[in-house]
Amino acid sequence: ANRGDLHRAVAWHSRMRSGEIRINERTFGKLITAAARAGDAAEARRWLEVMAGHFSANIVAVSSAINACAREGSAEEAQLLMAAAKDAQLTLDRVGYGSVV
């Protein structure tokens with residue numbers, strides 16, 4: 001996941017679910033980061049939405065999704081995520097803001 005191998009990260013997630021291994025916020029964070037590093041903003045946003053169905057979003061996950069949108073040139077999507085982070089009372093870090101600028 002850290003190298004941006006999205007397919008492998010998703011495969012591990014599937015194995016974890018089928019093996020009844022506990023999935024936590026970090027699991028989703030790794031999936032979002034893998035999607036961001038693979039340059040797949042839509043997938044990063046999708047995993048962020050899936051995460052939100054189970055856990056509260058955290059700044060690392062949101063910043064990674066914002067970064068993915070910015071890399072893809074989806075400034076509007078990045079701004080929407082920034083607004084959602086603000087609404088969730090998350091304080092964006094340098095990565096989150098720097099991605100959009």
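**Entry 1: one turn of helix α3**

I began in helix α3, where Glu43 and Arg46 sit three residues apart, about one turn of the helix. I was working on a predicted model. I checked whether charges meet here, and the side chains of Glu43 and Arg46 do form a salt bridge, at 3.0 Å from N to O. Next I looked up accessibility for both partners. Glu43 has a relative accessible area of 18%, so I noted Glu43 as buried. Arg46 comes out at 36%, and therefore I put Arg46 down as partly exposed.

**Entry 2: the other salt bridge**

How many salt bridges are there by this rule? I counted two. Besides Glu43 with Arg46, I found Glu77 bridged to Arg45, with the closest N and O atoms 3.4 Å apart. This pair links distant parts of the chain. Glu77 belongs to helix α5, residues 75–87, while Arg45 belongs to helix α3, and 32 residues separate them. I also looked up Glu77 by itself. Its relative accessible area is 30%, so Glu77 is partly exposed.

**Entry 3: the rings**

I then turned to the aromatic side chains. I searched the whole structure and got two aromatic pairs. I took Phe28 and Trp47 and noted their ring centres 6.2 Å apart, with the planes at 45°. Why is this pair tilted? An angle under 30 degrees would count as stacked and one over 60 as edge-to-face, so 45° falls to the remaining class, tilted.

I placed both residues next. Phe28 is in helix α2, residues 25–37, and Trp47 is in helix α3, residues 41–52. The pair therefore ties together parts that lie 19 residues apart in sequence. Are these two residues buried or exposed? Phe28 and Trp47 are both buried.

I returned to Arg46 and looked at its position relative to Trp47. Arg46 lies over the face of Trp47, 4.4 Å from the ring centre. My notes on Arg46 now hold two things: the salt bridge with Glu43 and the place over the Trp47 ring.

**Entry 4: Thr27**

Last, I looked up Thr27, which I found in helix α2. Its relative accessibility is 12%; buried means under 20%, so Thr27 counts as buried. Which residues does Thr27 touch, not counting those up to four places away in sequence? I wrote down His13 and Met16.

Technical notes: Residues are numbered from 1 along each chain as its sequence is written. This is a predicted model: local features need pLDDT of at least 70, side-chain atom pairs count only at pLDDT 80 or more; totals for chains, interfaces and linings use all residues. Side-chain values use heavy atoms; hydrogens and water are left out. Rings of Phe, Tyr and Trp (its six-membered ring) pair if their centres lie within 6.5 Å; planes under 30 degrees apart count as stacked, over 60 as edge-to-face and the rest as tilted. Helices (H or I, at least four residues) and strands (E, at least two) are DSSP runs, numbered from the N terminus. Buried means under 20% relative accessible area, exposed over 50%, partly exposed in between (1.4 Å probe, protein chains only). A charge sits over a ring if NZ of Lys or CZ of Arg is within 6 Å of the ring centre and within 35 degrees of the ring normal. Contact means heavy atoms within 4.5 Å. A salt bridge is a side-chain nitrogen of Lys or Arg within 4 Å of a carboxyl oxygen of Asp or Glu.
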